[in-house]
Amino acid sequence: MEAINGDKLRGHLETMVLSNLEQGEAHGLEILRRLEEAGCGLVRLTDGSRYPAVYRLVLAGEVKAVWESEPHGRRGPRRRIYCLTAKGQRKLAAGRAEWQQFVRVLGGILGASA
Amino acid sequence: MNESSLTGLKIIVERTVRPVCASTSRKRKMREELLAHVSAVFEEESARLGDEPAALARTQQRFGQAAELTGLLQASVPRVDCIDRFAENLVGYPSRESALQWAVRLATVVGAFSFVFVGIAILIQGLRGQGSEWLTVARIPSLLAPVAMGFLVFCGTMLMHGMRQALFGPAGRSWLRAGLVAAASWIIIPLTTFGMCLALLADVQTSLWNVLPMLPYGVLVPVALVVMVYVVDSECRQEWASLQID
């Protein structure tokens, strides 16, 4: 099956991150791992492209970010841990409803209902 | 991870972050987080490939094109950040301008603010019907305050630059130079005050008596200078700025 790359995902990246964080708090790399796992290896995003989406979510108050206080047996720079806020939960619910409508409408047009 | 790999990772991050137009604090956070990310990816690739240069190349590939990521990061910078940037441009530590330009900029800003404060004070007293008080000789020091403040800030900035060069300059640490700068910073306020007193009173002895009590407290100025140099010149900042990203 063909991989889904950044261009196709761009409009949905923020909802994907929100959905990802619904599973629990995570740092940047963990978000990436979860996305790859959930996409069965077919979701292709460059590592760096996720951060601007996360920053926008933080700015909108949909995701909360805190600097890691414990290094957890790791050396080097601190990581930021992200978690979903109540506003983010609402945005995620709206994003899911929007996606369902999108699939329903386009599925009808293309004659390929999900 | 060896030192050259760490530098390589920092270059990957810096290529993306340096062109972003954002406040220093925002960019510092971006750098720290992205460095944590590429370090983790590098460790992962290093364990898989067993070769650090290959792992570095793979990390770069996974991280993405710097120009594209810069654009995405730029789009994530909120509009309110321009307030921080404005403040930084006004009084912040220079990244590319000379120490002299920085000193002139700071002196102008402080002088202008002092001028506004004096203006407000005159206006308030004028509204109370006491404006004529500002025409007396006793008020001349207050009227000269913006100039004196600007001058002190200019000297302080140049001294701070001198102390920074003495402690962290490319020629290595020079205690003699640091001592000379400390001595100069110790006498700068008493000397300026002496000059102002002399101009007003035209009496050397009285001016000296006005200034002498200041000397013991002046010792605090070099201490403050060294503290400021350490704060401004955090190693991390120098390190990122000196990375060759081209």
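In the predicted model, 19 residues of chain B are in contact with 16 residues of chain A, two residues being in contact if their C-beta atoms, placed from the backbone, lie within 7 Å. On the side of chain B that touches chain A, the elements giving two or more residues are α2, α3 and α4 (66–75) of chain B, where helices (H or I, at least four residues) and strands (E, at least two) are DSSP runs numbered from the N terminus. The most is given by α2(B), with 9 residues. Sorted by class, this side of chain B has 11 nonpolar, 5 polar and 3 charged residues; Ala, Val, Leu, Ile, Met, Phe, Trp, Tyr, Cys and Pro count as nonpolar, Asp, Glu, Lys and Arg as charged, and the others, Gly among them, as polar.

Because this is a predicted model, local features need pLDDT of at least 70 and side-chain atom pairs count only at pLDDT 80 or more, whereas totals for chains, interfaces and linings use all residues. Residues are numbered from 1 along each chain as its sequence is written, and chains are lettered from A and ligands numbered from 1 in the order in which they are written.

Chain A has 5 helices and 3 strands, and from the N terminus on its elements run α-α-β-α-α-β-β-α. Of its 114 residues, 26% count as buried, a residue being buried if 20 or more other C-beta atoms lie within 10 Å of its own, exposed if 12 or fewer, and partly exposed in between, with C-beta atoms placed from the backbone. Among the contacts in chain A with a separation of 6 or more, 58% are accounted for by residues 24 or more positions apart. Helix α5 of chain A (residues 86–110) has 25 residues, which at 1.5 Å a residue should span 36 Å, and its end C-alpha atoms are 36 Å apart, in agreement; the expected span is 1.5 Å times one less than the number of residues. The buried residues of α5(A) are Gly88(A), Lys91(A) and Leu92(A), and the buried residues of this helix pack against α2 (13–22), α4 (50–59), β2 (63–67) and β3 (80–84) of chain A. After α5(A) comes Gly111(A), whose phi is positive, near 70°.

The secondary structure of chain B comes to 12 helices and 0 strands. Buried residues make up 26% of the 246 residues of chain B, and 69% of the contacts between residues at least 6 apart in sequence join residues at least 24 apart.

Two helix pairs of chain B are described here. The axes of helix α2 (residues 24–49) and helix α3 (residues 52–63) of chain B come within 8 Å and cross at roughly 130°; axes are lines fitted to C-alpha atoms, for helices over the stretch in contact, and angles run from 0 to 180 degrees between N-to-C directions. That makes α2(B) oblique to α3(B), given that angles under 35 degrees count as roughly parallel, over 145 as roughly antiparallel, 65 to 115 as roughly perpendicular and the rest as oblique. The contact is made by residues of α2(B) including Val38(B), Val41(B) and Phe42(B), and by residues of α3(B) including Leu56(B), Thr59(B) and Phe63(B). By class, the contact of α2(B) with α3(B) has 8 nonpolar, 2 polar and 4 charged residues.

Helix α1 (residues 3–17) of chain B packs with α4(B) at an angle of about 55°, their axes being 7 Å apart, and α1(B) and α4(B) are therefore oblique to each other. Arg15(B), Thr16(B) and Val17(B) of α1(B) make this contact with Ala66(B), Leu69(B), Thr70(B) and Leu73(B) of α4(B), so that by class the contact of α1(B) with α4(B) has 4 nonpolar, 2 polar and 1 charged residues.Gln74(B) also lies in helix α4 of chain B and, with 13 C-beta neighbours inside 10 Å, counts as partly exposed. The C-alpha atoms of Gln74(B) and Thr16(B), 58 residues apart along the chain, are separated by 9.9 Å, and, not counting residues up to four places away in sequence, Gln74(B) touches Val20(B) and Cys21(B).

Pro146(B) is placed in helix α7 (residues 140–168) of chain B, where 19 C-beta neighbours inside 10 Å make Pro146(B) partly exposed. Pro146(B) and Phe113(B) are 33 residues apart in sequence and 7.8 Å apart in space, C-alpha to C-alpha. Leaving aside neighbours within four places in sequence, Pro146(B) is in contact with Gly111(B), Ser114(B), Phe115(B) and Val118(B).
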